[in-house]
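Here's a friendly walk through one protein chain. Have a look at the model below, and then we'll start with a single residue.

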Amino acid sequence: MELFSASRKVGSPNFPPDEDGIIRRVPTAIYFEGPQHVYPSLTMAAAMDILDVPQDGFDYNFEEHILRLRNRSGEIAREIPIDDDGRMYVNYYGHFKTFYYLPYAYCFDPEMLPPEYWEDKIALVGTSTPGLMDLRNTPVQESFAGVEIHGNVIHSLMKNEFVSRTGARTNFIAILLSSVILGALVSIPKRPLRSLPIPVIGVIGWIIFAYSQFLGSLVMWEIVRPSISLGVTYLSIFLYNFLVSEKDKRFLKHTFGTYLSTDLIDEMYETKQEPKLGGDAGYHTAFFSDIQSFSSFSEVLEPEKMVSLMNEYLTEMTEVLLSHRGTLDKYIGDAIVAFYGAPMPVEDHEYEACTTALEMEDKLRNLRDKWSHDDEWPELVHNMRHRVGLSSGEMVTGNMGSTMRMNYTMMGDTVNLASRLEASAKQYGVYIQVAESTYSSVKERFEWRFLDNVRVKGKKRPVKAYELLARKGELSESYSKVVPVFHEGIELYNAQKWDKALKLFKEAETLEEMFPMRPINPSRVYIERCEFFKETPPGDDWAGVWTLTAK
């Protein structure tokens, strides 16, 4: 009673922890039944004394979650953020012993501490040793002296620095906006899995934002519910895309995935241009390839080895084909039949076809090098070559066949010409033979050799054929020497100057690159023709056309 009578204010020292045992909030007042129903907390009582706030100076506004302290003049001394139970959030200024500690004995001996030392200071008396059982669990430290929690609260009251938290309306708006923004960003990537980093970045960004707001402005933003909402939003959109939006794409991939590149399938889906079933006429490029002397392989390889070899070869070649937006028509043994520009339009399909042919040559060169270092393959495999025929023009593409079995394929004179050019390439000893229709569209982008004005087997009209040698500016040294001489010989050949042409073709023949599996070359072909025409001149009305009698 003596202490009670001598005190200026009386307050409750209790601060019950949260459900997890951590003290984050402290009561501002305690309610008791009795004459004076409300008692301020210990720190609040001290602050009321310092700020000259009377006993009835408490103004709780639970709608705004604000406690206003009014002094005796009626002025608002403090506005303190509170929760639904009227508790204020503790603004922890640091770890244990952030505030100055003095031994209790100093308070009784004026010789140790003069009385004037206490002027303009607030002293709290309490314990900090573990044996006295006043250590509490706080967000900043597990073992924290209870008296220092009071110190943090009263320091916050004096400095007018309070922790506040965002309201339900603000949280709802934040969750709604972040979910809408996330939904918009997630919808940008064409493939749902590519958007996976977006919600991760969003959650990390939100956590960084919440921490920066707390450390910089003492405002507590929710972390858990916004993070969950971002995750649920992403999962919902992902499931929608997978179950609904991706259904059409999966249908296209199931239907066309074996002979179309994934990029073309994605383009079909994005542009909503489903391929037409049945015949569809258009200007496209036909592609045929075939392994040279393939029948010889079956004579020296066991069936299992043959299958292994073909699987590796066709896999590598098909990857190149699909990477350049080609459509695989079919495999015919070792042959690859394909086309460009259907079922989806392909810009610059002549260029894509020529690039495919050259890259296939590079791939086959790498395969030959690999096989040559493997003793299980015979010499024939080490020297494997293939021929390619290209032709551009009108053709019909679509699902063709019977009502029981159909195949997406091509038909037309352009297709037949590409097939004939591939087959006739062996008569010249070349490996990529291209029709003039394809050559004229991309002649400035590649290196060429004019081969012949030829009438292929089964055709009445002649066609100019070219050998595709390399990309522009990448012609090999040997071809750089042989091509000018060869072309000069062609001019003399067309002028029926057989002796002069024969001399140039013989010179070119010495420059031709010869290797295993290449028994002939274009220069040798024209040497034989010049000798033939010397004995049997074609006549003055000859147009330089040569008719092939075999495929």
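## Starting at Asn-521

Leaving aside its neighbours within four places in sequence, Asn-521 is in contact (heavy atoms within 4.5 Å) with Tyr-428, Glu-509, Glu-512 and Met-514. You'll find Asn-521 in the loop between helix H15 (498-511) and helix H16 (522-535). Helices here are DSSP runs of H or I with at least four residues, strands are E runs of at least two, and both are numbered from the N terminus.

Asn-521 is buried, with a relative accessible area of 0%; buried means under 20%, exposed over 50% and partly exposed in between, using a 1.4 Å probe and protein chains only. Its side chain makes a polar contact of 3.4 Å with the side chain of Glu-509. A polar atom of that Asn-521 side chain also lies 2.9 Å from the backbone nitrogen of Arg-524. A polar contact is a pair of N or O atoms within 3.5 Å; within protein, one must be able to donate a hydrogen and the other to accept it, and residues adjacent in sequence count only if both atoms are side-chain atoms.

## About the model

This is a predicted model, where local features need pLDDT of at least 70 and side-chain atom pairs count only at pLDDT 80 or more, while totals for chains, interfaces and linings use all residues. Residues are numbered from 1 along each chain as its sequence is written, and side-chain values use heavy atoms, leaving out hydrogens and water.

## The chain overall

The protein chain has 16 helices and 20 strands. Of its 551 residues, 45% are buried. Take the contacts between residues at least 6 apart in sequence: 64% of them join residues at least 24 apart.

## A three-stranded sheet

Three strands form an open, antiparallel sheet in the order S4-S5-S6. Strand S4 (58-61) and strand S6 (76-81) are the edges, each pairing on one side only. Strands pair if DSSP finds at least two bridges between them. Strand S5 (residues 66-70) and S6 share five bridges, and Leu-67 stands opposite Ile-80 in S6.

## Strand S17, covered on both sides

Strand S17 (residues 432-435) has both faces covered: Ile-432 and Val-434 are buried on one side, Gln-433 and Ala-435 on the other. S17 runs parallel to strand S15 (residues 386-401), with three bridges, and antiparallel to strand S19 (residues 463-471), also with three bridges. Gln-433 stands opposite Gly-389, and its bridge partner in S19 is Glu-467.
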